[in-house]
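Please keep the sequence and the structure in view while reading.

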Amino acid sequence: MTLSNHPVFVLLAAAVAAPLLAEVRIVRRAPVVVLEVLLGIVVGPHVLGLIHIDALLSFMKTAGTAAVLFMAGMEIDFEQIRGRPLTLALRGWVASFGLAFLAVTLLHVIPGVHAPMMVTIALTTTGLGTLLPILRDGGLLEAPFGRLLLAAGMVGEIGPIVAVSLALSDRYSSWQEFVFLLAFLALVVLAAAVGLGARPPKLIALLSRAMHASTQLPVRMALLVLATFVVIAVEFGFESVLGAFAAGMVVGLATRGEEGEAFRVKIDAVCFGWFTPFFFVGTGLAFDIGALTRDVATMLLIPTLLVLFLVVRGAPVLLYRNDIPKPERLPFGLFASVASLGLVVVITQIGLTAKRMNPDIAQALMGAALLSLLVYPTVARVLLSKTARSAPRADRA
């Protein structure tokens, strides 16, 4: 049997192996998503060659990207993050954009670095979809630390998504894109209002009956909402990730409370159990490690951009000095500096297609984004665990 003829089997085997490896003591502190990406690299075409990306895997990776952003949108609870968490997140992202613009301006003097706006936007991303499983598995979502990080991650996803849609789309003029953006946001608000307010008893009864039937109507409706917003976003000239994130927010708002708990369990199983492994393992499959070592300039740019991710998204933690204890600030900055790999890939693909980004810069950006995913959350979890162990000793003292 040739495993390369069965790519889905190999990918699912890697997806199962990752959480099992996470139970091994040596790698217990490594987030599962990190292990999924690493295993994707190992079994991919650039290392063992067990999988070669075909049309099916490419499609499923796109679907996985949408699922990751959809679940990230579902976790946004505006009751938890409104007020100071959201204000700090907005101020932090504006500060990040300024730092990124300054850094890219300095990098622009290097021959070959000729994509200032795209690199600036990429540096301001935070991978909320990547952080979500880590925060959830670590029990941090309900803590003040988690709520502040959730707000920062949300703005770190939405801000770059909107910026990419407005700045890099060449389908419509700038003012048309702005009008479409307002229309899209109005549609999201309307859909959320309908989901929150329109709950006819007959419809609720139907959905309750279908929740445990073979039709799984509530899950199908949620996936239809996801597909609808993705289609609308694309037709408006935006990136599909904007539609996926908006759909998640709408469905999340409509399913708050105890009555939505059974539905959330099911949608978790569908998205995290089936779709997201195609994104994380698929990200590793597409990553060409050899390309990082073929060019000296690319090799030097990768650590430079990795540090810039930390500076650009980590430095605004200083705005949180009155809200986060000092031992938790560095872990917070590290978590916030985890780049949104999906968005970075989208940005680089747009840049390469439009011939507005040098391939070496694109490869270096993706390499730095991947390293931020591998390094920063792992170090942050180690630091948080040390802080948690020292807290009881301090209390006893």
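Q: In which helix is the place of Thr 120?
A: This is a predicted model. The helix in question covers residues 116–123, and Thr 120 has its place there. The helix is α6.

Q: Is Thr 120 buried or exposed?
A: A residue counts as buried when its relative accessible area is under 20%. The relative accessible area of Thr 120 is 1%, so this residue is buried.

Q: Which residues does Thr 120 touch, not counting residues up to four places away in sequence?
A: Contact here requires heavy atoms within 4.5 Å. With residues up to four places away in sequence set aside, Thr 120 touches Phe 97, Ala 100, Phe 101 and Val 104.

Q: Which element gives the most to the lining of the largest cavity?
A: The whole structure holds three cavities of 30 Å³ or more, and the largest has about 80 Å³ of space. Its lining comprises 13 residues, with Ala 152, Arg 313, Pro 316, Tyr 320 and Phe 332 nearest the centre. Two or more lining residues come from each of α5 (84–107), α14 (296–314) and α15 (326–336). With four residues, the element that gives the most is α5.

Q: How many residues of the lining of the second largest cavity are nonpolar, polar and charged?
A: The second largest cavity has a volume of about 50 Å³. Among the residues that line it are Val 68, Gly 127, Glu 157 and Phe 279, and α3, α7 and α16 each supply at least two. Gly counts as polar and Glu as charged. By class, the lining has four nonpolar, five polar and one charged residues.

Note on methods: Residues are numbered from 1 along each chain as its sequence is written. This is a predicted model: local features need pLDDT of at least 70, side-chain atom pairs count only at pLDDT 80 or more; totals for chains, interfaces and linings use all residues. Side-chain values use heavy atoms; hydrogens and water are left out. Buried means under 20% relative accessible area, exposed over 50%, partly exposed in between (1.4 Å probe, protein chains only). On a 1 Å grid over the protein atoms alone, a cavity is a set of points where a 1.4 Å probe fits but cannot get out, and a pocket is an open set with protein on both sides within 12 Å along at least five of seven lines; lining residues have an atom within 4 Å of a point. Grid points are joined across faces, edges and corners, and a volume is the space filled by probe spheres set on the points.
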